[in-house]
Amino acid sequence: MPKIAFRIMHIDACICIYVFSLFRSVAIIKSNKDTRYGLDSIVTHDGAKLPCLALPDLSSFRQKFGLDAYDQLDVIGIDEAQFFEDLYDFCREAADHDGKRVIVAGLDGNYLRRSFGSVLDIIPLADSVTKLTACCELCGKRAFFTLRKTEETQTELIGGADVYMPVCRQHYVSGQVVKEAAKTVLESQNVQCVSYA
Ligand SMILES: [Zn+2]
């Protein structure tokens with residue numbers, strides 16, 4: 001029986017390359033919400049491509065993949081796990097009852113540093129958890145957080161370097177301050193425009 005493990009990781013899909021190279025029977029699932037790189041493959045930041053299934057939810061995976069093919073699977077990789085609402089039930093079922101090794105990559109927090117989707121909910125199910133970091137774009141230190149460059153406020157705003165940048169704690173805090181100051185200036189200008197109209 002295959003060993004069961006979960007791994008919570010940062011946004012990068014490099015883990016999927018890792019599992020793909022080690023196991024023969026691997027399936028990779030990603031959310032169909034993220035269409036930046038096409039829906040039939042995962043593209044790492046290094047440009048490497050891996051085939052995958054892009055789905056709206058995880059519960060449809062077995063049917064889409066094929067029941068026999070599912071039974072043969074050793075490893076299921078899930079990328080961008082924060083977008084799947086049924087993450088907990090799927091991981092528990094696949095690991096506990098179906099004997100799969102489930103490797104999950106996702107963001108633990110959103111740009112406001114609040115819990116993102118169900119990623120934190122599955123930590124009690126996991127054998128191991130690894131929190132990865134990027135490099136701060138402003139100073140090169142370890143980046144634990146994501147700063148949203150734009151003013152949009154919806155939680156699920158999908159984008160790359162045009163919308164987000166990884167930052168360290170110091171630059172997350174100062175970046176928020178700068179954004180707040182810019183917003184205040186803009187709002188006061190709007191008020192002036194209105195009063196002149
Ligand atoms: Zn920094």
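Q: Is Arg101 buried or exposed, and how many other C-beta atoms lie within 10 Å?

A: This is a predicted model, in which local features need pLDDT of at least 70 and side-chain atom pairs count only at pLDDT 80 or more, while totals for chains, interfaces and linings use all residues. Residues are numbered from 1 along each chain as its sequence is written. A residue is called buried if 20 or more other C-beta atoms, placed from the backbone, lie within 10 Å of its own, exposed if 12 or fewer do, and partly exposed in between. Arg101 is buried, because 22 other C-beta atoms lie within 10 Å.

Q: Which residue does UniProt list for "active site", and where is it found?

A: UniProt positions are given in the numbering used here, with shortened feature names, and annotations may be inferred rather than shown by experiment. The unreviewed UniProt entry lists Glu80, which is found in the loop between β6 (75–78) and α4 (87–97). Glu80 counts as buried because it has 22 C-beta neighbours inside 10 Å, in a chain of 197 residues of which 28% are buried.

Q: Which residues does Cys139 touch, not counting those up to four places away in sequence?

A: Two residues are in contact if their C-beta atoms, placed from the backbone, lie within 7 Å. Under that exclusion, Cys139 touches Cys168 and His171. Cys139 is found in the loop between β8 (134–135) and β9 (142–143), and it is exposed because 12 other C-beta atoms lie within 10 Å.

Q: Where does pLDDT stay under 50?

A: pLDDT is the predictor's confidence in each residue, from 0 to 100, and the chain averages 80, with 70% of the residues scoring at least 70. It stays under 50 over residues 1–12, for which the model has 45 contacts beyond four places in sequence, and also over residues 193–197, for which the model has zero such contacts. Where pLDDT is low, the predicted coordinates should not be read in detail.

Terms used. Helices (H or I, at least four residues) and strands (E, at least two) are DSSP runs, numbered from the N terminus.
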